[in-house]
Number of protein chains: 2
Amino acid sequence: MRGFSLNQATTKRWPLDELVPGCVAAGVTGVGLWREEVADYGTDKAASLVRDAGLTVTSLCRGGFFHDDAWYDENRRAIEQAHTLGTDTLVLVSGGLPGSSRDIDGARRHVGDAIGALVPDALAAGVRLAIEPLHPMFASDRCVVSTLGQALQLAAPYPAEAVGVVIDTYHLWWDDTVWDGIAAAGAAHRIAAFQLADWITPLPEGVLLGRGLPGTGSVDMRRFAQAVRATGYDGYVEVEVFHEEVWSRPGADVLAQALAGYEAAVA
Amino acid sequence: MRGFSLNQATTKRWPLDELVPGCVAAGVTGVGLWREEVADYGTDKAASLVRDAGLTVTSLCRGGFFHDDAWYDENRRAIEQAHTLGTDTLVLVSGGLPGSSRDIDGARRHVGDAIGALVPDALAAGVRLAIEPLHPMFASDRCVVSTLGQALQLAAPYPAEAVGVVIDTYHLWWDDTVWDGIAAAGAAHRIAAFQLADWITPLPEGVLLGRGLPGTGSVDMRRFAQAVRATGYDGYVEVEVFHEEVWSRPGADVLAQALAGYEAAVA
């Protein structure tokens, strides 16, 4: 594995032009970026800032939400933005059930079709579409792709250089089939990103902002790191945590704790 | 399927001596009971109340929590209480990870061993141990058994008359392997209980009290009812919902809505 990357969402309130030198000062060589934050700063300007600092943009979060009317144009813009930032990975969160639908199988099929429609753009831009399975508690309102197995099935029809999957410990830790899934994803050259976050309780209202920094919760991070490394994965390892308490702390402190959690996991 | 049963947790604040005549008045013939509520009322008295009203006790919730020190004695008492109430089904919620453990595989193995230790008592009492997989969002703090597949694996070493599984729509709806799992559970004569609750968002803090009455959320209830019926399941269908707003309403009103939701599902 290539090293640690700070996903920008972990230090949500750290302005990009402080985050980038903060990473450099900490010896960090990778950052994962988010579309809105980058657009607010200016995509070209962000690309220069990061490139001039010698950082690799390990992923852009996120495309997807394929049940929105504008999904096609929006995702083409996301691919373009990823290309501008010089990252080879666009993370896709599929979106939940459309409207009041109860047809989760149909929603999943639509996700597969939508991804297929984007494959030519992705290949042309040199950006891989990375399907992220989210925890099943998000299935109705955020992501109908709930397991690594489902993500791999959705990716399978398309070339591995165009469509991969995200292994995020937070979303997958409870699944006893995930170890076979990681091996299969690796064998198929589908692992596009590997993200660490820990599972802590109680979950907050809405459950989105309930993640813990690696080492603070129930996830066996070392087992994940070993399983991903065993596939020959040579990409970065992002730490991506959403939590109000984490966001309220100074970025450099959070970065140091994220880095320590990463090191304990991969050691 | 035999008909509708009101799980007592759905109308948590309806006293048992009002709930029972309320069920009779509504033409309901089954009730699912909870250990603490029954103990508070008096187990023998509750058994008489329900029996005299001609109601079937479709399940007792719940045993399990196998990581508590007193799990063995506590579960033997639960089996005894189920026997006293005349129900053939004791629902088991396994409990989460013990202490600060991250060994979820080990925790699941312990659940299997603990259930095995209780099988003689269950057979002697004529009470079936019903392993309930809970939604993966409860894996760390409430139930390490997260899928129907895991529940079936845990049940497999033991006779089907001693150990079964619970199909609860709330916990399983997101899982695309659940349909094969229901068929397998039916073929193995392992379906001990079938419970309806709907998935609604946003989830509340702690996520325990976030269920909706059938028909109010994202779950395709009819598909579940058809899948369970197709196995030849001839037991009751419980409605089991935990939600503050539901609990705050008059029991008879909630019962009527639960019954309507059941009828829409099984029609």
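Predicted model: local features only at pLDDT ≥ 70, side-chain atom pairs only at ≥ 80, totals over all residues.
Local features need pLDDT of at least 70 and side-chain atom pairs count only at pLDDT 80 or more, while totals for chains, interfaces and linings use all residues.

Let's start with chain A. UniProt, in an unreviewed entry, lists residues 24-256 as "domain: Xylose isomerase-like TIM barrel"; such annotations may be inferred rather than shown by experiment. The end C-alpha atoms of that span lie 12 Å apart, and the span is 42% helix and 18% strand (DSSP runs, H or I of at least four residues for helices and E of at least two for strands).

Now for the interface. On chain B, 33 residues are in contact with 33 residues of chain A, with contact meaning heavy atoms within 4.5 Å. About 2500 Å² is buried between the two chains, and carbon and sulfur atoms give 54% of that (buried area is the accessible area, taken with a 1.4 Å probe, that two parts lose on being put together, summed over both). Arg102(B), Trp174(B) and Asp176(B) supply 24% of the area that chain B buries against chain A, more than any other three residues.

What about charges? The rule finds two salt bridges across the interface, each a side-chain nitrogen of Lys or Arg within 4 Å of a carboxyl oxygen of Asp or Glu. One of them joins Arg223(B) to Asp105(A), at 2.9 Å from N to O.

As for helices, α5 (104-125) and α6 (148-155) of chain B each supply at least two residues of the side that touches chain A. α5(B) gives the most, with three residues.

Key
Residues numbered from 1 in each chain as written. Chains lettered and ligands numbered in written order. Heavy atoms only, no water.
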